[in-house]
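Me: Hi! I've just opened this model and would like to talk it through. Can we go through it together?

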Amino acid sequence: MELTIINTFTDQPFKGNPAAVCLLTGESNSQWMQRIAKEINMPVTAFIQPHNGEWKLRWFTPFIEIPICGHGTLASSFFLWDKGYVPRNQPIAYQTKSGLLTAKFVDGMVQLEFPSLREKETTAPDLLIKALGVVPAYVGQNKWDLLVEVQSEEIVRNLKPDIDSIAHLPVRGVIVTSQSDNSEYDFVSRFFSPAQGLDEDQVTGSAHCCLGPYWKSKLDKSIFIGYQASERGGLLKVEVTEDTVKLSGHAVTIFEGSLNI
């Protein structure tokens, strides 16, 4: 089975968010894919398979299958175009557990079109404040995550949350964000998701499906540059439409090989 490891939302090796891409040649069950993902031990392993002119796509962390993954989709798309399985001028359609997702190659970047995940304001749980150690400027929630705005980029970058406390919150993860002090970016963020086995995800496409609409309402614009200020860091172009969010980023292949199984 063909295996490729790709760094996403970056144009530099060993930056951004790494993902493994496995190209399936036949049907495989969930337990087998989960064992492969645990063995590879990347933040996400994406399994792709051609199907009726489209592609089936599933994502697994080393611990669980997840319903949506931006960087795993970006890596899969880059792989298919880079290897010539799909012409670069041809969009890719994926059948996933989150419905039909699409990707295009635009201006040298992979552009994903994902559903918008708007949040609604909510009362900050005491456990959240305890976990972050800061008083939020705003707290919202969508169907998966809590979104927390804090007062400055410095707070976002220096945050050292209590991951065990976050793990007890009934959400997929916690997005922490602020407007950027750097003119190169519109906003910065970090994402903590122990529920998925990821204490801190390096660059999270799906979190920007919430961040994009949120900052659109705050800054009155629809196209942004976002920086996820994790240890590895990653850059995203975010374009908000009425019901979708377009996420664009670069990718770099760092390993190509095969699994002898």
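This is a predicted model: local features need pLDDT of at least 70, side-chain atom pairs count only at pLDDT 80 or more; totals for chains, interfaces and linings use all residues.

**Chat about the model**

Me: Good to know. How many salt bridges does the structure hold?

Reply: There are 12 salt bridges, a salt bridge being a side-chain nitrogen of Lys or Arg within 4 Å of a carboxyl oxygen of Asp or Glu.

Me: And which residue forms one with E2?

Reply: That is K83, and the closest N and O atoms of the pair are 3.9 Å apart. The pair links distant parts of the chain, 81 residues apart: E2 is in strand β1 (residues 2-8), while K83 is in the loop between α2 (70-82) and β6 (92-96). Helices (H or I, at least four residues) and strands (E, at least two) are DSSP runs, numbered from the N terminus. K83 is partly exposed too, with a relative accessible area of 32%.

Me: Nice. Which residue does E65 meet in a salt bridge?

Reply: The side chain of E65 meets that of K97, with an N to O distance of 3.2 Å. E65 sits in strand β5 (residues 65-66) and K97 in the loop between β6 and β7 (99-106), so the pair ties together parts that are 32 residues apart in sequence. E65 is partly exposed at 22% relative accessibility, whereas K97 is exposed at 57%.

Me: What about E149, who is its partner?

Reply: E149 pairs with K218, at 3.2 Å from N to O. E149 is buried, with a relative accessible area of 10%, and K218 is partly exposed at 45%.

Me: Where is the place of D220, then?

Reply: D220 is in the loop between α6 and β15 (223-228), and at 71% relative accessibility it counts as exposed. D107 also has a positive phi, near 55 degrees, in a residue other than glycine. D107 is found in the loop between β7 and β8 (109-115) and is exposed at 69%. For context, most residues other than glycine have a negative phi.

Me: Switching to the inside: how many residues has the largest nonpolar core?

Reply: It has 49, and those with the most contacts inside it are I48, W55, W59, L80, Y94 and V238. The most comes from α2, which gives six residues. A second, separate core of 21 residues includes L128, L132, V148 and V150. A nonpolar core here is a set of buried Ala, Val, Leu, Ile, Met, Phe, Trp, Tyr and Cys residues joined through side-chain atoms within 4.5 Å.

Me: What is I48 in contact with?

Reply: Leaving aside neighbours within four places in sequence, the contacts of I48 (heavy atoms within 4.5 Å) include V21, L24, W55, F79, L80 and Y94.

Me: Last one: how do β13 and β14 pair?

Reply: Strand β13 (residues 187-193) and strand β14 (residues 198-201) pair in the antiparallel sense over two bridges; pairing requires DSSP to find at least two bridges between the strands. S193 stands opposite L198 in β14. The hairpin has four residues between the strands, and G197 takes a positive phi near 80 degrees there.

Conventions: Residues are numbered from 1 along each chain as its sequence is written. Side-chain values use heavy atoms; hydrogens and water are left out. Buried means under 20% relative accessible area, exposed over 50%, partly exposed in between (1.4 Å probe, protein chains only).
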